[in-house]
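Subject: Structure handover

Hi,

Here is the structure I promised to pass on to you.

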Amino acid sequence: MLFAAHSGLRFLVLAGGLFVVLYAAVGFFGKREYSSAMARLAAVFTGLIHLQLLTGFIVLFTRPFYTAIIGHLFTMLLAAAAAQFTTSVVRRRPQEAKSYGPHLVGAILAMVFMAAGILAIGRGVLESTM
Ligand code: HEM
């Protein structure tokens, strides 16, 4: 049951990340003024990753353990750190100094770490074993 949630939530997290990357890329390359929608979108993405970490830690105790899960765990922590760090850095800046660049870099890094973390346990990024 919780494994199903963990497996399914991954699609929402990846979709959220894709939205952040696209929104930040349009703002960054289009040299647009920083919009508060960017901050909200990044906060939702970061929140979804944290929720996914939480379900992951619970799933850990419900499934047979094998060493590749350690790689899964650490790459996912890096993904969460990349998303959280860039979101927090931009939030602390004064309005005129806020920009899309950190969101773009942070979300791309988070997506790469998440893809690596899923591949680490022998699944395709969009593959479900449910
Ligand atoms: C952003 C964070 C994470 C994402 C996107 C993610 C994604 C996934 C995916 C896609 C699967 C395979 C689902 C399937 O086969 O249908 C999985 C399995 C699993 N994940 Fe995560 N995960 C994340 C974080 C974590 C964390 C922090 C832990 C804690 C150790 C964890 C523990 C596990 C475990 C134990 C399995 C089952 C492995 C198995 O039985 O073969 N996950 N995760």
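How do the axes of helix 1 and helix 2 cross, and within what distance do they come? Their crossing is at roughly 155 degrees, and the axes come within 9 Å. Axes here are lines fitted to C-alpha atoms, for helices over the stretch in contact, and angles run from 0 to 180 degrees between N-to-C directions.

Before the rest, two remarks on the source. This is a predicted model, in which local features need pLDDT of at least 70 and side-chain atom pairs count only at pLDDT 80 or more, while totals for chains, interfaces and linings use all residues. Residues are numbered from 1 along each chain as its sequence is written.

The crossing of helix 1 and helix 2 is left-handed, meaning that the near helix is turned anticlockwise from the far one by less than a right angle. By class, 20 nonpolar, seven polar and one charged residues make up this contact. Ala, Val, Leu, Ile, Met, Phe, Trp, Tyr, Cys and Pro count as nonpolar, Asp, Glu, Lys and Arg as charged, and the others, Gly among them, as polar.

Helix 1 also packs with helix 4, at an angle of about 150 degrees and with the axes 8 Å apart. That makes helix 1 roughly antiparallel to helix 4, and the crossing of helix 1 and helix 4 is left-handed. On the helix 1 side, the residues in contact (C-beta atoms, placed from the backbone, within 7 Å) include G17, V21 and F28, and on the helix 4 side they include G101, A107 and M114. This contact divides into 12 nonpolar, three polar and no charged residues.

As for the whole chain, it has four helices and zero strands; these are DSSP runs, H or I of at least four residues for helices and E of at least two for strands, numbered from the N terminus. The C-alpha atoms fill a box of roughly 50 × 25 × 20 Å, taken along the principal axes.

Best wishes

Technical notes: Parallel < 35°, antiparallel > 145°, perpendicular 65-115°, else oblique. Contact = placed C-beta atoms within 7 Å.
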